[in-house]
Amino acid sequence: MLIQLLKNLGKGVLRIGGNSSDEIDWGGDDAGTDTLHRKLTRADINRLTGFAKAINWPVLFGLNLANNDPSSAADEAAYVHSQLRGNLYSFQTGNEPDFFCSNTHRAASYKYRDYQKEWDRYYTNIKNKAPGASFAGPDVTPFNLRWLDEFAKNEHHRVNLIDGHYYNNGPASNPAIGLPDV
């Protein structure tokens, strides 16, 4: 039923990411034993692949940047790339990394140049394991044009998408937002 519902919408892009992409680690075949901190597994990716193919939408797949582990991200990306193949639109590293300095992911001194260094390490590691992988820029907080501009200047030749969040009535966590507000 859900598959047909999405097909009825027409063309779209399935984004797997958001805050959850920076909160879950790659486990490969190990889902972990802690139910509060489950790991993403090959079986999860296999189910995602079947779903993406069934609805025939490309996938924008978010990788965990918060843990700053480019080697693990490369292992995850290689598996995701091998499974999704033509249904993979691109990889995105980090959800709102420009906000990392305001939460527990990075020190208060975290700036764009720090993100750029991390992004370069992720890009290199992933390209070594999945040479055909495509990349998107960071999904930044609303209206952070400085980060988008810097990233576009530095990486426009290596990405197929640069984007940012826009919350019309946000933030999205605002419980007062309802369907009539969309």
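Start on the surface: select Lys111, Arg113, Lys117, Arg121 and Arg146, which gather in a patch of positive charge. Patch members have over 30% relative accessible area (Shrake-Rupley, 1.4 Å probe, only the protein chains shown count as cover) and no salt bridge, with like charges joined within 9 Å. Lys and Arg count as positive, and the charge is placed at NZ of Lys or CZ of Arg. This is a predicted model, where local features need pLDDT of at least 70, side-chain atom pairs count only at pLDDT 80 or more, and totals for chains, interfaces and linings use all residues. Numbering runs from 1 along each chain as its sequence is written, and side-chain values use heavy atoms, without hydrogens or water.

Now pick helix 4, residues 112-129, which gives the patch its largest share, three residues. Lys117 sits in this helix.

Three strands form an open sheet in the order 1-4-5, with parallel pairing (strands pair if DSSP finds at least two bridges between them). Strand 1 (14-16) and strand 5 (88-93) are the edges, each pairing on one side only. Zoom in on strand 1 and strand 4 (residues 59-63): three bridges join them, and Leu14 has Val59 as its bridge partner.

Last stop: Arg42 and Asp29, whose side chains meet in a salt bridge at 3.2 Å, N to O (the cut-off is a Lys or Arg side-chain nitrogen within 4 Å of an Asp or Glu carboxyl oxygen). The whole structure has eleven salt bridges.

Conventions: Patches are made of residues with over 30% relative accessible area and no salt bridge: like charges are joined within 9 Å, nonpolar side chains (Val, Leu, Ile, Met, Phe, Trp, Tyr) within 5 Å. Helices (H or I, at least four residues) and strands (E, at least two) are DSSP runs, numbered from the N terminus.
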